[in-house]
Amino acid sequence: MNRVLHICVAALGCLLAAAIIVVAVPVPHAAEPVTVSYRSDLAKLIRLAPYPAVAPARLPGSWQPVTSGLAVGGANGAGTVTWLLGYMTPDGALALLGETNASAAAFIRRMTNSGTALPTVRLAGQAWSLSSTPSRGQRSMYYTSAAGRTVAVTGNATWAQLRQLAASLHPVTG
């Protein structure tokens, strides 16, 4: 009987210790975004893209690149090159740059989540089409160049932030 009592007291002690740990140790909050380097993807884009590539230049340091991906061929079709570069803005919103030589209509539909068209704006000499997808809190700007490159900036960032990203785009070469 003494041994059973000892085991019960030990088990109760373990449960109490576990309960204290669960209550006392704070739950970690969402991790800070990890800044990524997109240099490798950009170098590959410049080398592989059959169109004149563009990339952000002179964005403030408070804009954190958080994702970059380059797709060659694949779901977009043979001979296509698609680059997606995501930023976290200073206020924590997301802004994504996408550029491709894939089918413009399909790419725009995907990038805008089939957003509702808004009036076109001119920015740095380029006419940008606008769209909004309120159910997702998404705003988008896009154009297709004569060379067949479609560029889109989209996200839950403000219109001003999307315009800032779009205005920062400059041609890049190797």
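Ser 131 is buried, with a relative accessible area of 2%, where buried means under 20%, exposed over 50% and partly exposed in between, for a 1.4 Å probe and protein chains only. A word on the source: this is a predicted model, where local features need pLDDT of at least 70, side-chain atom pairs count only at pLDDT 80 or more, and totals for chains, interfaces and linings use all residues. Residues are numbered from 1 along each chain as its sequence is written, and side-chain values use heavy atoms, with hydrogens and water left out.

So what does Ser 131 touch? Leaving aside residues up to four places away in sequence, its contacts include Thr 112, Gly 115, Ala 117, Tyr 142 and Trp 159; contact means heavy atoms within 4.5 Å. The C-alpha atoms of Ser 131 and Gly 115 are 5.2 Å apart, though 16 residues separate them along the chain.

Now the strands. Ser 131 sits in strand β6, strands being DSSP runs of E, at least two residues, numbered from the N terminus. Ser 131 is the bridge partner of Ala 117. Strands β5 (residues 116-123) and β6 (residues 126-133) pair in the antiparallel sense over 6 bridges; pairing takes at least two bridges found by DSSP. The two form a hairpin with 2 residues between them, and Ala 124 in the turn has a positive phi of about 50 degrees.

Notes:
Helix = DSSP H or I, 4+ residues; strand = E, 2+ residues; numbered from the N terminus.
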